[in-house]
Amino acid sequence: MRATGGDTPGLDALLPPQMAKRAEEIGVKKASMDAVTLLALAVLAGAFIALGGVFATVALAGAERVPWGTTRVVAGVVFSVGLILVVVGGAELFTGNNLIVMGWAGGRIGTRALLRNWAIVYAGNFLGALSIALAVVLAGTHHAGAGAFGVTALSVAADKLRPDFAQAVVLGILGNVLVCLAVWLTYSARTTADRILAIVPPISAFVAAGFEHSIANMYFVPLGLFIAAFDPAFAAARGLDTAVPVLSWSAFVGRNLLPVTIGNVIGGSLLVGGVYWFIYLRARLVPDGDGQRGG
């Protein structure tokens, strides 16, 4: 028999109050995971997001004559494979784990456990994304499509270093609002198909709009850096000499990764996790008429 309100087992999607409880329980489990398993799953997540980036680069490559908005939407749709692999395949993504604040705000997760999870997962994501970027260059994929893949990769990497610090923070806020909303929607799901359908629209929107995601950028910018370092003749032969000098590891960290990460944390933790905790879970911390906490 089908459930009518998401309170009993069935095929219907969970409703937001039950989604909030589910998010909290998932957060508690994530925060208590052993470090080795957590790191391994984080490396997988970084690699999965990078693979979505590879797919998106293919979609953008050689599309100069196609209207800008159309190519961005297509790139967003195919990039969604990254988060689908994370959610369905099972992996730990820093930006999605910003929702762990829902358990922290309710007192079920300590600050140390929260920061431990974020630190391990962030490091693992970086390792996984960087490994895929390096593998793509060593495989010579930047020569694909008569070099269209590599030209697009260099252009994307350079474009990500152009916003100033404050702009990058705001782009990071907007980006992780949509990523965490995608993860939040999966908490309503009963089936794998539900999860996939919940992920694609928000992720497509964030990519199409040009918002920023720290873990995706751990692939996109290093990919450009690796092309410039291992195959400098590639850029020179295609008149991309102006893009290459913009690329450096210090610029990547200072102009992109740091501000985007700050924005991602604000967007995911405060504007999604914090807001939904306040709406659906804060009642347990509010004293009732007898001086007791509700819930």
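**View 1. Helices α1 and α8 cross.** The axes of α1 (residues 16-31) and α8 come within 9 Å and cross at roughly 105°. Axes here are lines fitted to C-alpha atoms, for helices over the stretch in contact, and angles run from 0 to 180 degrees between N-to-C directions. The two helices, α1 and α8, are therefore roughly perpendicular to each other (65 to 115 degrees; under 35 counts as roughly parallel, over 145 as roughly antiparallel, and the rest as oblique). On the α1 side the contact is made by Pro16, Met19, Ala20, Arg22 and Ala23, and on the α8 side by Trp184, Leu185 and Thr186. Contact means heavy atoms within 4.5 Å.

The model is predicted: local features need pLDDT of at least 70, side-chain atom pairs count only at pLDDT 80 or more, and totals for chains, interfaces and linings use all residues. Residues are numbered from 1 along each chain as its sequence is written, and side-chain values use heavy atoms, with hydrogens and water left out.

**View 2. The whole protein is built from helices.** It has twelve helices and zero strands. Helices (H or I, at least four residues) and strands (E, at least two) are DSSP runs, numbered from the N terminus. Of the 295 residues, 48% count as buried (under 20% relative accessible area; exposed is over 50% and partly exposed in between, with a 1.4 Å probe and protein chains only). Among contacts between residues at least 6 apart in sequence, 82% join residues at least 24 apart.

**View 3. Helix α8 and its N-terminal cap.** Helix α8 (residues 165-186) has 22 residues and reaches 32 Å from its first C-alpha to its last, close to the 32 Å expected at 1.5 Å a residue. The expected span is 1.5 Å times one less than the number of residues. Aspartate 164 caps the N-terminal end of α8, with a side-chain oxygen 3.3 Å from the backbone nitrogen of alanine 166.

View 4. Lysine 160 is placed in the loop between α7 (148-159) and α8. Lysine 160 counts as buried because its relative accessibility is 12%. Its side chain is joined to that of asparagine 217 by a polar contact of 3.1 Å. A polar contact is a pair of N or O atoms within 3.5 Å; within protein, one must be able to donate a hydrogen and the other to accept it, and residues adjacent in sequence count only if both atoms are side-chain atoms. Leaving aside neighbours within four places in sequence, lysine 160 is in contact with Glu212, Asn217, Phe220, Val221 and Asn256.

**View 5. The largest nonpolar core.** A nonpolar core is a set of buried Ala, Val, Leu, Ile, Met, Phe, Trp, Tyr and Cys residues joined through side-chain atoms within 4.5 Å. Of the 77 residues in the largest one, Phe79, Leu83, Val86, Ile203, Tyr219 and Leu223 touch the most other members. Helix α10 (residues 214-230) gives the largest share of this core, ten residues. Not counting residues up to four places away in sequence, tyrosine 219 touches residues including Ala50, Val54, Ile132 and Phe149.

**View 6. Two loop alanines.** Alanine 91 is found in the loop between α4 (81-89) and α5 (101-105), and at 10% relative accessibility alanine 91 counts as buried. Alanine 146 is found in the loop between α6 (111-138) and α7. At 75% relative accessibility, alanine 146 counts as exposed. Phi of alanine 146 is near 55°, a positive value in a residue other than glycine.
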